[in-house]
Amino acid sequence: MFNLVLFGPPGSGKGTQSDKLVASYGLIHLSTGNLLRKEIADQTPLGLSAKSYIDSGKLVPDQVVIGMVDSFFDQHIGAKGFLFDGFPRTVAQAQALDELLTKKNTAISLVVALEVSEEELVKRLLQRGQTSGRSDDTDESVIRKRFAVYTQETSPVAEHYRLSGKFRSIAGEGSIDSIFAGICAQIDANS
Ligand code: B4P
């Protein structure tokens, strides 16, 4: 199995690049953001509780996200690999993911981080907010809160993977196709 984590701050292009990577490499796309938004749209109890966290720029609690990922795995037995987009976002999630993959006799193969400046991220998210209908993209103070949460809770995840020698950083600014080519080069060199 080839298991890729696409890592980076909100708006760094994880979702955008995931769509292209899934089409090229046939990986199963696991976006916790998309799964949570589906729960919200379906008005499930999980979605109703997640909405308040997302709307205020906070992370949804680890046990909720980990449970959701566990059941996603159960629905995709036999996958040839996964692309993790927006997960793990805390060290506890990274440890839980390691345990879930170990139970399946597999592991993370590669982590690619997209590096983008904060000003570019704000610009992209406010622009997306004009058309996406996403409540977390329309208010600049919520966007700035998401960056603060990223610095405090998510950036330590990079260290978790750096220690295992699986972490690569690439420039996430420039054309979508040139960034995609940079990610593909990393995958091809490490698979
Ligand atoms: P996510 O859905 O994961 O989304 P994101 O981080 O906001 O965006 P992404 O990086 O995917 O950016 P995109 O490609 O769309 O998270 C949303 C919320 O859900 C979180 O804040 C959190 O509350 C919750 N959540 C999700 N996962 C969680 C977890 N594991 N634990 C706890 N809570 C969790 O790109 C953004 C914009 O930039 C787009 O408009 C795109 O068109 C544009 N763009 C992309 N690449 C570009 C480029 N090269 N140049 C110019 N524009 C570009």
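Me: Leaving aside neighbours within four places in sequence, which residues is Leu97 in contact with?
Reply: This is a predicted model, so contacts here are computed from predicted positions. Contact means heavy atoms within 4.5 Å. With its neighbours within four places in sequence left aside, Leu97 is in contact with Phe73, Phe84, Phe87, Pro88, Ile108 and Tyr161.

Me: How many residues does the largest nonpolar core have?
Reply: Nonpolar side chains tend to be buried together in soluble globular proteins. In the largest nonpolar core here, the residues with the most contacts inside it are Phe7, Phe73, Phe84, Leu97, Ile108 and Tyr161. The number of residues in this core is 28.

Me: Which element gives the largest share of this core?
Reply: The elements that give two or more residues to the core are β1, α3, α4, β3, α5, β4 and α7. The largest share is five residues, and the element it comes from is α4.

Me: How many residues are in the other core, which lies apart from it?
Reply: Among the residues of this other core are Leu4, Leu6, Ile170 and Phe180. Its count is 15.

Me: Within what arc do the buried residues of α3 fall, seen down its axis?
Reply: Helix α3 covers residues 45-55, and its buried residues are Gly47, Ala50 and Ile54. They line one face of the helix, because seen down the axis they fall within an arc of 65 degrees.

Me: Which exposed residues does the face of α3 turned away from its buried side carry?
Reply: What covers the buried residues of α3 includes α2 and α7. The face turned away from the buried side carries the exposed residues Pro45 and Leu48.

Technical notes. Residues numbered from 1 in each chain as written. Predicted model: local features only at pLDDT ≥ 70, side-chain atom pairs only at ≥ 80, totals over all residues. Heavy atoms only, no water. Buried < 20%, exposed > 50% of the residue type's maximum accessible area, 1.4 Å probe, protein only. Helix = DSSP H or I, 4+ residues; strand = E, 2+ residues; numbered from the N terminus. Arc of directions from axis to C-beta. Core = buried A, V, L, I, M, F, W, Y, C linked by side-chain atoms within 4.5 Å.
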